[in-house]
Amino acid sequence: MSSESPTPSAGSLQPTIDRRRVAWSLGAIFLLALVLRLWGITFGLPYLYQVSENMYVVSAQAADTDGQLDSLFGFYQAVLWVEFQLVELLRPLFDSLPLSAAMEATLADHGAAFHLLGRLTSAFVGAATVFPMFALGRRLWNARVGLLAALLLAVVFMHVRSSHYAKPEIVACFFMVTAAWLGTRLVARHWPSYLLAGLAGGLAVSSKQLAWPIMIALFMLHWRAVAEAAGAAGVVGWLRSLGRAVIDPRWWACGLASIAVFLAFSPQAITEFESYYAFWLWVGTIGEGGGMERFDLHEGRAAWQVYLRAFGWGVGGVLSAIGVLGLLDLLRRRRPVAMVLLLIFPVLLFAFLLRPQHAAHERYILLSIPFLLLAASAVVVQLSARLPGPAARWALLGVATLLMMAEPTLYSVQHNMLLAREDTRTQAKRWIEENIPQNSAIALEAFFYSPQLLSKQWNAPLSDRFYRVTNSGPYGLSEASKTSGTQRNRVQVMGYIMQGFDYVVTDGHTAQIPRLDDYEQETVDYFYADLEKRGTLVKEFSPLKEGREAPPYYFTKVYGPAIDLWDYERNGPIIRIYELPKIR
């Protein structure tokens with residue numbers, strides 16, 4: 001590694017921008033980011049439609065009732081718990097406001113209120129990530145790179161989409177970028193920088209364990225700082241400095257700070273080590289069969305194909321390509337600090353994600369996106385700086401910026417428009433209450449993908465009628481079991497008829513997910529074909545635009561709009577309501 005200054009020389013890039021203009025520009029970028037993240041954020045509420053939000057919200061609710069933090073969700077659930085206490089203090093104020101019926105029901109329901117808080121946390125923290133993003137870009141290059149990187153983060157679709165959910169990825173991303181920025185300050189060898197970097201890194205990992213490579217990147221930056229201070233030269237010199245870096249008390253302060261903050265929010269990592277380790281071992285090997293449990297989540301696609309496709313729709317083809325060019329240019333220029341942060345983290349992350357035992361999920365690329373955006377911003381700014389004359393420089397910078405922003409911005413806007421419209425599950429719930437007699441027996445599929453009806457099991461808000469409802473497990477109506485990992489209690493359509501069910505409601509997600517077991521897939525296909533024969537389709541609610549055929553199935557759509565956005569009119573699965581014949 002060679003020496004480099006944390007800030008560019010005066011002639012290497014554009015001249016320094018006026019601080020006031022920078023502040024106004026950054027403020028405008030933050031507002032843009034916030035608007036894109038708040039638009040449509042109340043989707044579905046007071047009903048709970050985002051399936052993976054629930055595990056985090058339930059853990060925060062548990063912390064509220066029994067004061068115990070879940071070892072798996074760390075800092076994020078603690079934030080939700082604090083916010084809920086604040087909402088309780090402000091409840092008299094909320095009661096005096098002219099709120100919509102849906103918002104009143106959301107705030108009155110404990111679970112729905114936690115969902116809203118979690119989403120607002122993600123939205124505001126996601127928008128605030130533009131500040132450390134700017135600081136990191138300015139530190140590695142200059143203010144212009146920082147502003148462009150912050151602007152790209154404000155509109156990039158994967159980040160905007162995730163900022164609508166009560167999940168910890170966005171919080172982890174904020175602390176990860178903050179830790180990376182603090183890591184660039186380790187070159188000064190000051191104790192406060194090490195402590196703050198360790199705290200930020202610990203909070204990132206506590207929020208989402210996939211952020212662990214940031215600690216390796218911080219150590220690499222620390223090693224470089226030690227080597228530079230010792231004047232290390234050659235392989236032998238750097239190896240000697242490695243020993244010094246390991247025993248350096250500054251690094252121990254950084255490491256212990258990260259461990260302390262992690263254990264503060266996940267004490268069970270020590271007190272319940274066996275169960276904690278067993279869970280993460282299960283998570284790390286869940287993809288061994290080619291999917292998750294009995295689902296073939298990505299229809300046989302290799303993990304690298306899943307992630308490559310995710311960059312296509314989650315970041316944009318042009319922006320991703322320019323980002324890759326920026327990473328290659330970084331290798332050519334050999335800028336050590338930038339190389340460590342922009343290459344070490346993604347390389348380690350994907351080395352872990354591409355393990356055959358690991359289940360592939362598109363959202364896992366989120367933590368690598370800030371580094372790709374920084375690389376794209378740097379290469380564009382540096383290329384524009386080489387052109388003669390300010391007009392040519394601004395023209396190239398402006399055109400490149402528009403090209404990089406166009407696709408992710410359009411995706412983000414279309415996504416938000418879909419979320420802001422009434423969900424198919426809400427439409428179906430209203431139709432059922434208007435057309436199906438009270439106390440009818442209705443068989444539903446998975447809870448989060450189905451209309452949520454008032455029943456003995458569920459206290460659905462804003463409900464007019466009571467029904468005898470049963471929800472199937474994650475594997476659908478053809479299996480009554482609500483457990484995962486086993487095949488049992490197979491049910492046929494005639495079984496529902498014999499049990500006296502009046503209606504069956506399918507959700508369109510559960511039936512579409514392919515099964516890893518061929519025999520089970522045949523059973524599932526037979527069940528839904530038999531349902532078409534024995535049942536009478538009385539109503540269908542489709543999120544697709546009129547005349548559009550259903551696009552190819554992708555598992556990531558079960559969380560919310562993602563791919564093929566322009567084929568859809570609204571969010572939600574295809575809901576079909578079948579009336580079953582009576583036994584004579």
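**A first walk through the model**

Hi everyone, let's start inside the protein: its largest nonpolar core has 132 residues, and those with the most contacts inside it are Trp141, Met176, Ile214, Leu341, Leu342, Leu367 and Ile369. By nonpolar core I mean a set of buried Ala, Val, Leu, Ile, Met, Phe, Trp, Tyr and Cys residues joined through side-chain atoms within 4.5 Å. Buried is under 20% relative accessible area, exposed is over 50%, and partly exposed is in between, with a 1.4 Å probe and protein chains only.

A word on the source: this is a predicted model, where local features need pLDDT of at least 70 and side-chain atom pairs count only at pLDDT 80 or more, while totals for chains, interfaces and linings use all residues. Residues are numbered from 1 along each chain as its sequence is written, and side-chain values use heavy atoms, with hydrogens and water left out.

Contact here means heavy atoms within 4.5 Å. Apart from this core lies another, of 18 residues, including Met103 and Tyr475.

Helices (H or I, at least four residues) and strands (E, at least two) are DSSP runs, numbered from the N terminus, and two strands pair if DSSP finds at least two bridges between them.

Strand 4 pairs with strand 5 (residues 575–579) in the antiparallel sense, over five bridges. One detail to find on screen: Glu540 has Arg576, in strand 5, as its bridge partner.

One more stop: Ser162, in helix 8 (residues 157–162). Is Ser162 buried or exposed? Ser162 counts as buried, because its relative accessibility is 12%. Beyond neighbours within four places in sequence, Ser162 is in contact with Ser122, Ile170 and Leu366.

Last, confidence: pLDDT is the predictor's confidence in each residue, from 0 to 100. The chain's mean is 87, and 92% of its residues reach 70 or more. Over residues 1–15, though, pLDDT is below 50.
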